[in-house]
Amino acid sequence: MKFLLYLSILVVLFLALLSVNSALAASGGIVINEIAWMGTTISANDEWIELSNPTEQAISLDGWILKTADNKLNIKLSGDIGVGSFYLLERTDEESVPSIAADLIYSGALANDGEHLQLYDTAGVLIDEVNFAGGWPAGNNTTKQTMERAGAGWQNSQNPGGTPKAANATLKISENLAENSSLPTLSYATGIIINEVLPSPDGADETEEWIE
């Protein structure tokens, strides 16, 4: 009984992994990785957006579009994004991140109360979206910490200004996270996952096992 349960779980996980890999291969796998919707310590207008390429192949962004759902922001992308690399979009000019060259300069602003960002490839396929029209889940307008992707969720950058064209911070979450307000905040996306398994209960395996 236990063997069949373990085998079933492994099959489910394997199929889920295949599904994820197939989706990434089909979509190009590019993600919206970091957003400085609050600007910088120099100016609130110094906004920037970063894309990331977690795939194993360079991808051309010619003909791709990054836009808000209401079309107030509509950016036509160009150029390539290398394997494991980042693509930096700076608002208006190079002053948003003066120490790092932008891959693209765009016009238009991100609302401080949230946006619904969508990334489309050249065929018009939705590749990634960040639907926070009701409010950004991370980033700090006072400290100017950016909003950066952290696994399935989002977090405040470890330092003001974030990590443009570099990997996001890897944070260690302690047991006293709720008590320590100095730690960056995390916001997790919703979704269905295998969360907990009881393969060896005190009672009979046939009737007492469960999966959450």
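**Entry 1: a strand residue**

I looked up S52 and found its place in strand 2, where strands (E, at least two residues) are DSSP runs numbered from the N terminus, as are helices (H or I, at least four). I note that this is a predicted model, in which local features need pLDDT of at least 70 and side-chain atom pairs count only at pLDDT 80 or more, while totals for chains, interfaces and linings use all residues. Residues are numbered from 1 along each chain as its sequence is written, and side-chain values use heavy atoms, with hydrogens and water left out.

Is S52 buried or exposed? S52 counts as buried because its relative accessible area is 10%, the classes being buried under 20%, exposed over 50% and partly exposed in between, with a 1.4 Å probe and protein chains only. Leaving aside neighbours within four places in sequence, I listed the contacts of S52 (heavy atoms within 4.5 Å) as G29, I30, V31, N33, I81, S85 and F86. From S52 to L88 I read 9.0 Å, C-alpha to C-alpha, across 36 residues of sequence.

**Entry 2: the core**

I then turned to the largest nonpolar core, which has 32 residues, with I32, I35, L51, L77, L89 and L119 making the most contacts inside it; such a core is a set of buried Ala, Val, Leu, Ile, Met, Phe, Trp, Tyr and Cys residues joined through side-chain atoms within 4.5 Å. Among the elements that give two or more residues to this core are strand 1 (31-36), strand 2 (48-52) and strand 7 (86-91).

**Entry 3: strand pairing**

I traced strand 4 (residues 65-68) to strand 5 (residues 74-76), an antiparallel pair with three bridges, where pairing requires that DSSP finds at least two bridges. I65 has K76 as its bridge partner in strand 5, and in the five-residue turn of this hairpin N71 has a positive phi of about 65 degrees. Strand 4 also runs antiparallel to strand 9 over four bridges, with L66 partnered by L119.

Strand 9 (residues 115-120) in turn pairs with strand 10 (residues 126-132) in the antiparallel sense over six bridges, and Q118 stands opposite E129. Five residues lie between strand 9 and strand 10 in their hairpin, where G124 takes a positive phi near 80 degrees.

**Entry 4: a partly exposed valine**

Last, I placed V197 in strand 14 (residues 197-198) and noted that V197 counts as partly exposed, at 31% relative accessibility.
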